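Here is a friendly walk through one protein model, written for someone who likes to know the cut-offs behind each term. Please have a look at the sequence and coordinates before reading on.

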Amino acid sequence: MKIAIDVSQIVYEGTGVANYTRQLVKKLISIDRDNKYLLFGLSLRQKSKIISFFEELKTLNNTIEAKIIPFPQRLGNFIWNNLHLYKLENMIGDFDLYHSSDWIEFPTRSKKVTTIHDLIILKHPYLSHPYIVKTQKRKLNWVTKETDLILADSLSTKDDIEKFLKVKPDKIAVVYPGIDKIYQPQSTEAVNWIRHKHQIPGEYILMVGTLEPRKNLELVIKAFERFLNHSLISSRKKPIELVVVGKYGWGERPISNHNIKFLGFIDKKELPSLYSGAKVLIYPSLYEGFGLPVLEAMACGCPVICSNQGSLKEIVNSAALIVDTQTEEDITSKLTQIFIDEELRKILIEKGLENVRKFDWDKSAKKIISLYNKLCQ
C-alpha cells in the first residue's frame, strides 16, 4: 500500500501541529517496512524547510518518495478548500491512502484520513485569528463529506467532533501523540549553560507556546505580579522571573519588564534544559486540543500548573495543579504553593514522570499504521 502524507505544516516551527507532523512521520517511516510512503509539501517561499525535512527523513528510510507542490498556502487554500478542484493524484501521482494536513483538504480518488487536533474555531472562534477560522471551516466542510477516518488527539476532541461536526463515533479514532525522546531531565551543567545563555540569574517560572490570546498570557502576567508581592515571596533574596518561550502568533504584543523575559522562538534542543531548570511550567490555556508543553515539562522533571480546558485535564490526570482560567488569584495561589511547599513539588515531579510514560510515539505510530491497513483492506 502506498500512503501519501501532507507534511506542509512542518514549516510553522514551534507549533504543536508542526511538532506532531514531524514526529509522526519520522516514526511511521522508521518502523513501517510493509507500506510505501509518498510525502509531499505545499509551499513556495518556505519550501527549503520542507526539502531539508525530506533530506532528514531519507536518512531514516531511503525508500520514501518526496515531492513539493510549489504553491503558496493562501493560494492553495483558495483552490482546494474553496473551489475544491484538481485531484491530488494529478500533482503527485497515484497512491492508496491520503493523510491530510491541518490546513488544506485536497480532493482525491483514494481513501482519506485526517487528524483533527482541536475544534477551537467552532467552540471558541474569538480565540482564533479570523482568517484561520474561515480557512478551517472550509476545510472541515470537506472533511465531514469525504474523510473515511478522523484521528483525534484526545477523548475531549473526539467528543467535540461528534458534537460540532455530527460525525459518527465509528469514524473517529483517538490516538494520543507521543513525546519526543529529547525531553528528559538534564544535567546541572546543561541547566547552568542555558541560564547563562539567556541571562536568567535566579529562579524562574516558565511559559511555553505561540503567543496568542488563547494562551492566557495577560492573566498570567497579572497573577505573576501579584505573586511577586505576596509576603512569602517578596522576602526571598533570589530574583524570580517569568520566562516566556514562543514566537508571536497574533493579538496584542506583550511588553517585557525587568521581571518578565520573552525569549521568542528558540531551538527545540534548548527546551529540555529550560524545562529542567524551571521551578514550574505555567500553562493556563483557555482551550487546548492536546497541549504538548505540559507533557514535555513533566518528562523533564518540571512540575506543571495548567487549566482544565479542552484536553488538558484528561492528559495530566492528577499529575498537575489545576487553575481557574479566569481568576488571577487562583494562579497566584498555586504559584505560591509550588515555591513554598517543596514536598508538593517533589510529588508533582514524580507523578509527572509516571504520567508521561503513557504517551509514546512507537505505540501511537503502530496504532495509526494498523488503522491505515484496516481502512484499505
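## Ground rules

This is a predicted model, in which local features need pLDDT of at least 70 and side-chain atom pairs count only at pLDDT 80 or more, while totals for chains, interfaces and linings use all residues. Residues are numbered from 1 along each chain as its sequence is written, and side-chain values use heavy atoms, with hydrogens and water left out.

Helices (DSSP runs of H or I, at least four residues) and strands (runs of E, at least two) are numbered from the N terminus. Buried stands for under 20% relative accessible area, exposed for over 50%, and partly exposed for the range in between, with a 1.4 Å probe and protein chains only.

## Nonpolar cores

A nonpolar core here is a set of buried Ala, Val, Leu, Ile, Met, Phe, Trp, Tyr and Cys residues joined through side-chain atoms within 4.5 Å. The largest one has 35 residues, and those with the most contacts inside it are L206, V245, L274, Y275, L281, V294 and L295. Two or more residues each come from strand 8 (203-208), strand 9 (240-245), helix 11 (271-277), strand 11 (280-283), helix 12 (292-299), strand 12 (304-307) and helix 13 (312-316). Helix 12 provides the largest share of this core, six residues.

A second, separate core has 29 residues, among them F53, F54, L57 and V175. Back in the largest core, V245 is one of the residues with the most contacts inside it. Contact means heavy atoms within 4.5 Å. Leaving aside residues up to four places away in sequence, V245 touches L206, M207, V208, G209, L263, G264, I266, L271 and L274.

## Cavities and a pocket

Both kinds of space are found on a 1 Å grid over the protein atoms alone: a cavity is a set of points where a 1.4 Å probe fits but cannot get out, a pocket is an open set with protein on both sides within 12 Å along at least five of seven lines, and lining residues have an atom within 4 Å of a point. Grid points are joined across faces, edges and corners, and a volume is the space filled by probe spheres set on the points. For the residue classes, Ala, Val, Leu, Ile, Met, Phe, Trp, Tyr, Cys and Pro count as nonpolar, Asp, Glu, Lys and Arg as charged, and the others, Gly among them, as polar.

The whole structure holds three cavities of 30 Å³ or more. The largest cavity has a volume of about 110 Å³. Its lining has 13 residues, of which D6, Y20, T21, H99 and S100 are the closest to its centre. Helix 1 gives the most to this lining, with five residues, and by class the lining of the largest cavity has five nonpolar, six polar and two charged residues. The second largest cavity, about 60 Å³ in volume, has Y20, K268, E296 and W361 among its lining residues. Helix 1 gives the most to that lining too, with three residues.

The second largest pocket has a volume of about 390 Å³. Of its 18 lining residues, L217, E218, E252, R253 and P254 are the closest to the centre. Helix 9 (residues 217-228) gives the most to this lining, with five residues, and the classes divide into nine nonpolar, three polar and six charged.

## Helix 3

The buried residues of helix 3 (residues 73-83) are Q73, G76, N77, I79, W80 and N81. Their cover includes strand 2 (36-42), helix 4 (89-92) and helix 6. Just after helix 3, H84 takes a positive phi of about 55°.

## Two loop residues

Is Y126 buried or exposed? Y126 is in the loop between helix 5 (120-123) and helix 6 (130-146), and at 58% relative accessibility it counts as exposed. Y126 and R214 are 88 residues apart in sequence and 9.0 Å apart in space, C-alpha to C-alpha.

L286 lies in the loop between strand 11 and helix 12 and is buried, with a relative accessible area of 17%. Beyond residues up to four places away in sequence, L286 touches L127, P213, R214, N216, Q309, T325 and Q326.

## Cysteines

With a disulfide taken as a pair of cysteine sulfur atoms within 2.5 Å, the count comes to zero. The sulfur of C302 is 7.9 Å from the closest cysteine sulfur, in C300, so it is too far for a bond. C302 is buried, at 2% relative accessible area, whereas C376 is partly exposed, at 27%.
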